Amino acid sequence: MTTSLRNIITRHNPITLLDSSFGPVALAHVHQIHAQLLVHGHLNYPLLFVQFLAAVALLSPSNTTPSSPQHHERQLLLLYSQRLLDYSPHPPTTFVLNSLIRAHSRGPDPAPAFRFYRRLLCSPDALSPDRFTFTFLVGSCGRGGPSSAAGEIAHAAALRRGFVSNPHVHSALIRMYAQFGLLDAARRVYDELPDPDLVSRTAMLGAVAAAGDIVLARELFDSMPRRDPIAWNAMIAGYSQVGRSREALELFSSMQLEGVRVSVATLVSVLTACAHLGALDQGKWVHAYMQRNRLRVTVTLGTALVDMYSKCGDVGRGMDVFWRMQEKNVYTWSTAMSGLAMHGAGKECLDIFELMKEHGVLPTGVTFVSVLRGCSVAGLVEEGRRHFDSMRDQYGIDPWHQHYGCMVDLYGRAGRLDDAVHFINSMPIEPHARAWGALLNACRIYRNIELGEYAMKKMVEMESKNHGAYVLLSNIYAESRNWGGVNDVRESMKAKGVRKEPGCSVIEVGGEVHEFFVGDNSHPRYREIEVMLREISRRLRLAGYAAKTNAVMFDIEDEEKEDAVCWHSEKLAIAFGLIALGEGASIRIVKNLRVCWDCHDATKLISKVFQRDIVVRDRNRFHHFRDGMCSCMDYW
């Protein structure tokens with residue numbers, strides 16, 4: 001290499017500006033840099049030309065949706081890099097063609113990657129593919145839709161040219177078959193290696209974890225003689241994806257104790273686990289960690305933060321993150337809207353939707369689930385109907401089951417049960433359990449026994465083991481003091497082997513997650529909790545509270561019924577929060593079931609008597625209790 005060329009490469013090289021790690025690079029910037037390189041004659045050097053072409057190809061962002069502006073920019077950058085190749089004054093190299101294969105491997109279609117592979121094979125300079133070629137080519141197949149045909153072709157080509165034993169190609173094959181759902185094929189590829197190295201072990205771990213076999217994934221993880229950050233990330237992500245969030249957070253703590261480097265992928269999985277558990281303190285710690293280490297808030301990480309804060313009960317802080325994000329995609333906007341709707345801020349949710357459209361971001365089906373929920377909690381029936389109709393008419397989106405369920409909930413919340421039934425009967429698809437469940441809940445609120453029986457019958461026809469349907473109808477009968485109906489429901493549950501899921505409530509104190517089940521006495525501070533429950537009961541009685549025992553088994557004495565509802569899991573969690581949290585601190589609870597009437601009324605009064613803000617996330621939504629009132633306005 002000449003001294004002048006070395007100086008060009010190492011000093012004042014405009015190509016170094018094409019670094020997307022500092023943020024997106026627009027096509028206009030590429031044009032300016034290209035012009036500078038031409039003016040100064042730098043592209044006369046083959047090495048610099050190759051460097052420039054590869055940099056442009058790899059600028060194209062991945063994971064873009066077809067309707068997004070980012071997707072259009074991606075297509076333009078890919079086209080520009082291909083034009084550079086077509087009009088190149090220098091013959092192509094394996095490195096250049098590999099770069100183009102790699103760029104296309106991040107898209108949804110493997111065909112362009114194969115075109116450049118064929119171009120490499122047919123090169124007049126007799127270029128030969130290398131391990132990078134097959135790593136990228138196999139990687140492109142894993143994202144190419146449900147067909148594994150292209151992947152099998154790539155596998156055969158790698159086998160024929162002797163690259164299958166390369167650990168990076170081998171790992172790409174494992175990931176590819178796992179993405180197709182062919183875990184047996186992935187395992188066969190893995191078993192071909194007599195002594196798999198770290199890369200192959202990590203790929204197999206990631207494949208098994210992504211497939212949801214978390215027990216096997218943990219066995220592979222524990223058997224690894226050495227683990228890199230990718231292995232830790234895969235295991236944490238696997239726990240998070242299957243809902244075993246406590247294990248995900250425990251493993252994250254172990255990862256930190258061992259001094260393993262934490263990546264953005266790690267933090268996204270940890271934030272997802274925090275969101276599932278409602279572990280706000282740990283989620284805030286992750287946010288602080290990002291700020292201390294000056295990590296750039298990418299779209300994915302920022303969206304995970306917004307989701308975590310919203311699902312942990314602090315939607316205000318989530319919206320602060322949202323407004324500060326420099327780059328947002330449709331999922332970021334949809335997550336913000338979902339958080340607002342979940343907390344009962346329906347009008348604010350719709351304001352965000354209008355702002356999103358003003359920014360030129362096209363909504364998706366996920367967006368409209370949030371929009372319709374926003375309309376429902378705000379009681380905006382006609383506006384909800386207008387948005388529902390616009391899905392197909394304006395945006396070409398066919399409604400999903402969730403959208404139909406939201407519309408039934410919208411009519412039911414407003415007390416328009418006849419409209420809800422008419423909507424269900426006019427659905428162009430077979431009515432599903434979610435729609436009947438929304439109607440059944442409305443019947444519970446408005447105590448319509450006849451329609452509730454009909455909705456429950458339809459619901460059970462589709463999901464015979466759905467304990468929620470039986471419980472809702474039982475509650476409708478109990479509220480009407482129809483004990484015969486209650487007995488019939490419970491006998492039916494016994495006959496069909498339907499068991500009610502036990503209530504479970506989670507509360508975080510000092511960064512530690514505490515779990516309570518109904519009637520649970522296993523907590524280390526159980527005696528203190530029991531004393532506090534008695535104190536709660538005493539103060540509520542003085543305030544005029546009487547337990548709502550209708551929904552409890554009717555064949556026990558009233559005093560026993562009151563004891564039964566007193567030991568519901570959220571009341572245990574609230575009692576623990578009152579003794580474990582500082583004076584005046586908000587109590588935040590996540591519950592796996594719908595809050596019962598008695599617990600809802602009791603929590604309202606506790607918030608007033610003990611002067612505490614209490615936030616409860618149940619299966620459907622958030623309840624913000626303050627000074628004797630609830631944000632749900634007694635509809636949930």
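This is a predicted model: local features need pLDDT of at least 70, side-chain atom pairs count only at pLDDT 80 or more; totals for chains, interfaces and linings use all residues.
Local features need pLDDT of at least 70, side-chain atom pairs count only at pLDDT 80 or more, and totals for chains, interfaces and linings use all residues. Residues are numbered from 1 along each chain as its sequence is written, and side-chain values use heavy atoms, with hydrogens and water left out.

**Overview. The protein chain holds 32 helices and six strands.** Helices (H or I, at least four residues) and strands (E, at least two) are DSSP runs, numbered from the N terminus. The chain has 636 residues, and 52% of them count as buried. Buried means under 20% relative accessible area, exposed over 50%, and partly exposed in between (1.4 Å probe, protein chains only). The accessible surface is about 29,900 Å², from the Shrake-Rupley method with a 1.4 Å probe; for residues, only the protein chains shown count as cover. Carbon and sulfur atoms hold 51% of that surface. Contact means heavy atoms within 4.5 Å. Among contacts with a separation of 6 or more, 64% join residues 24 or more positions apart.

**View 1. The largest nonpolar core has 165 residues.** Such a core is a set of buried Ala, Val, Leu, Ile, Met, Phe, Trp, Tyr and Cys residues joined through side-chain atoms within 4.5 Å. F52, L205, M308 and L439 have the most contacts inside this core. Helix α25 (residues 433-446) gives the most to it, with nine residues. A second, separate core has 31 residues, including I507, I587, F625 and C630.

**View 2. Helix α11 spans residues 198-210.** Its 13 residues reach 18 Å from first C-alpha to last, close to the 18 Å expected at 1.5 Å a residue. The expected span is 1.5 Å times one less than the number of residues. Ten of the 13 residues are buried, so α11 is largely enclosed by the rest of the structure. Among the buried residues are R201, T202 and M204. They pack against α9 (167-179), α10 (183-191), α12 (214-223) and α13 (229-241). G212 follows α11 and has a positive phi, near 95 degrees.

**View 3. L205 is one of the buried residues of α11.** Leaving aside neighbours within four places in sequence, L205 is in contact with A217, L220, F221, M224, A231, A234 and M235.

**View 4. T367 sits in helix α21 (residues 365-378).** T367 is buried, with a relative accessible area of 0%. Not counting residues up to four places away in sequence, T367 touches V330, S334, M337, F353 and M356.
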